[in-house]
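Have the structure open as you read.

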Amino acid sequence: MQPGREDIQKTWKSMLEIALKAAKAGGEVLSHYFETSIEKRVKDDLSFVTKADVEAEAKIREVIASKFPEHTFVGEESGVDKKESSYQWYVDPLDGTINFANGLPIFAVSIGLAKGDELVACVIHNPVTNSLFYAEKGKGAFWNEEKISVSNQDATKAMITIGRGKKEEDKAYVNRIFTGALKHIKTVRYLGSAALEMAYLARGGTEGYVNLGTQKWDYAAGALLVQEAGGKITDLKGNPWDFEQNYFVASNGNVHPELLTLLKETQ
């Protein structure tokens, strides 16, 4: 017998509860190490990793596996634990490692859950600011139990942020965007945490976010949060976006045309 809609919703709710529990557990690890003398090393892809990243991911994985051992786990630090289930957990235990390692409180645990290629639940948690963002597909987006939505600001008052991967051409693209942005947008920032930047957009604190080549564990949670908060996501040319695309633009909708024009001018 196929599960009914009510059964599916109960399952997703249970998954969201586990995601919240896992994010808080990971956040406790980050809080323990934040603003301490913590060693960092450079990985093969030249990104940083700390003891906090590794321990937080282990704790998150333990919580998820205790309830859903049959689900695939995709972690930034531990890699892929492939299972037969159609559910995949995309986990960045410390999105914003460089900020964290340098004592800047702009970082978060990011957990996104997908069924196939559809995002169904997410949590983004900054333990330092006690900010807990979460969403369940079709149920809206929340920040510390308060329902949130994107802002209604237009480009003349808008702030946007930019996230990027490690390709040299993407670094150059970011520089061009910064140079050209103020013709279209009031303010532009680079914060170093894709998950939080999309959470801020969903909350209405910013109006746009440009993602250039980050990994699924960086953007899975934030993408669902933005969508559930009423935001818009397309590829860099304005075409429909899907989860496999790691080059995209997200916005409150109002500033989307200006962002697409900016990206076209700075390609």
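Start with strands β11 (residues 159-164) and β13 (residues 208-212), which pair in the parallel sense over five bridges; pairing takes at least two DSSP bridges between two strands. This is a predicted model, where local features need pLDDT of at least 70, side-chain atom pairs count only at pLDDT 80 or more, and totals for chains, interfaces and linings use all residues. Residues are numbered from 1 along each chain as its sequence is written, and side-chain values use heavy atoms, leaving out hydrogens and water.

**The sheet**
- Ile162 sits opposite Val210 in β13.
- The open sheet has five strands in the order β12-β11-β13-β15-β14, with mixed pairing; strands are DSSP E runs of at least two residues, helices H or I runs of at least four, numbered from the N terminus.
- β12 (187-189) and β14 (232-234) are the edges, each with a single partner strand, so one side of each has no neighbour in the sheet.

**Helices across it**
- Helix α5 (residues 194-203) lies across β11, β13 and β15 (247-251), at about 155° to β13 (angles run from 0 to 180 degrees between N-to-C directions of axes fitted to C-alpha atoms, for helices over the stretch in contact).
- Helix α7 (residues 256-265) lies across β11, β13, β14 and β15, at about 150° to β15.

**Around Ile124**
- Leaving aside neighbours within four places in sequence, Ile124 is in contact (heavy atoms within 4.5 Å) with residues including Phe133, Ala195, Leu196, Ala199 and Leu225.
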